[in-house]
Amino acid sequence: MLIKGLYTVQSFEQNGQEIQATVKLNAAHDVFKGHFPGNPILPGVCAIQMIKELTEEATGKTLFLSVASNIKFMAIINPEKNDTIHLVLHLSEDDNQIKVKNTVSFEETLALKLNASFKIVA
């Protein structure tokens, strides 16, 4: 985990090429003190890092983000109001890379949509 203590995985289910995970954010983590004081928001880069780490767990491979496209931040994730988020990842492997189509949501709100390609490092 790149940012220790930011989140814990509450559930992780893999069914073929689909992963469904529930993650609990640590609202007291230092990253929220700077982003932003008095109005904490999960940084987009942290959400993308979570997606990478969950993909690595699912594949057992070390990955490097090579392309991110169709990134749509649709709602703010405030860990004080919505500390539990749900991620759905659809994976496919092609030419030494893993392609991911992902959604991140809390309650009934879609917060992030992302298509990414991760190069397989090891």
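Mentor: Helices and strands are DSSP runs numbered from the N terminus, and a strand is an E run of at least two residues. The model before us is predicted. By that definition, Asn70 has its place in strand E3.

Trainee: What makes the phi of Asn70 worth a remark?

Mentor: Most residues other than glycine have a negative phi. Asn70 is not a glycine, yet its phi is positive, about 50 degrees.

Trainee: Why is E3 said to pair with E6?

Mentor: Two strands pair if there are at least two bridges between them. Strand E3 (residues 63-73) and strand E6 (residues 109-120) are joined by eight bridges and run antiparallel. One of the bridge partners is Lys113 in E6, which faces Lys72.

Trainee: Which sense does the pairing of E5 with E6 take, and over how many bridges?

Mentor: The sense is antiparallel, with ten bridges between strand E5 (residues 97-106) and E6. Ile98 stands opposite Phe118 of E6. These two strands form a hairpin with two residues between them, and Glu107 in the turn shows a positive phi of about 50 degrees.

Trainee: What makes E1 and E2 a pair?

Mentor: The requirement is at least two bridges, and E1 and E2 have eight, in an antiparallel arrangement. Asn15 lies in strand E1 (residues 7-15) and stands opposite Glu18 in E2. E1 and E2 form a hairpin with two residues between them, and the turn holds Gly16, with a positive phi of about 65 degrees.

Trainee: Where does Asn96 lie, and what is its accessibility class?

Mentor: Asn96 is in the loop between E4 and E5. Its relative accessible area is 45%, so Asn96 is partly exposed. Asn96 also has a positive phi, about 60 degrees, although it is not a glycine.

Trainee: How do you know that the bond between His35 and Phe36 is cis?

Mentor: The omega of the peptide bond joining His35 and Phe36 is about 5 degrees, and the bond is cis. Most peptide bonds are trans. Phe36 is in the loop between helix H1 (31-34) and H2.

Trainee: What span does H2 have, and what is expected of it?

Mentor: H2 has 16 residues and spans 23 Å from its first C-alpha to its last, close to the expected 22 Å. Just after H2, Gly60 takes a positive phi of about 70 degrees.

Trainee: Why is H2 called largely enclosed?

Mentor: A residue is buried under 20% relative accessible area. Twelve of the 16 residues of H2 are buried, so the rest of the structure largely encloses H2. Among them are Cys46, Ile48, Met50, Ile51 and Leu54.

Trainee: Which residues touch the most other members of the largest nonpolar core?

Mentor: That core has 31 residues, and Leu42, Met50, Ile51, Ile77, Ile85, Leu87 and Leu89 touch the most other members. Strand E2 (18-25), H2, strand E4 (84-94), E5 and E6 each supply at least two residues of this core. H2 gives the largest share, seven residues.

Trainee: What makes the space lined by Met1 and Met50 a cavity?

Mentor: In a cavity a 1.4 Å probe fits but cannot get out. The search of the whole structure finds one of 30 Å³ or more, and the largest cavity holds about 40 Å³. Its lining consists of Met1, Ile3, Leu6, Tyr7, Cys46, Gln49, Met50 and Glu53. Helix H2 (residues 44-59) supplies four residues, the largest share of that lining.

Trainee: How many residues of the lining of the largest cavity are nonpolar, polar and charged?

Mentor: Six are nonpolar, one is polar and one is charged.

Conventions: Residues numbered from 1 in each chain as written. Predicted model: local features only at pLDDT ≥ 70, side-chain atom pairs only at ≥ 80, totals over all residues. Heavy atoms only, no water. 1 Å grid on protein atoms, 1.4 Å probe; cavity = no way out; pocket = protein on both sides within 12 Å on 5 of 7 lines; lining within 4 Å. Points joined across faces, edges and corners; volume = space filled by probe spheres on them. Nonpolar A, V, L, I, M, F, W, Y, C, P; charged D, E, K, R; others polar. Expected span 1.5 Å × (residues − 1). Buried < 20%, exposed > 50% of the residue type's maximum accessible area, 1.4 Å probe, protein only. Core = buried A, V, L, I, M, F, W, Y, C linked by side-chain atoms within 4.5 Å.
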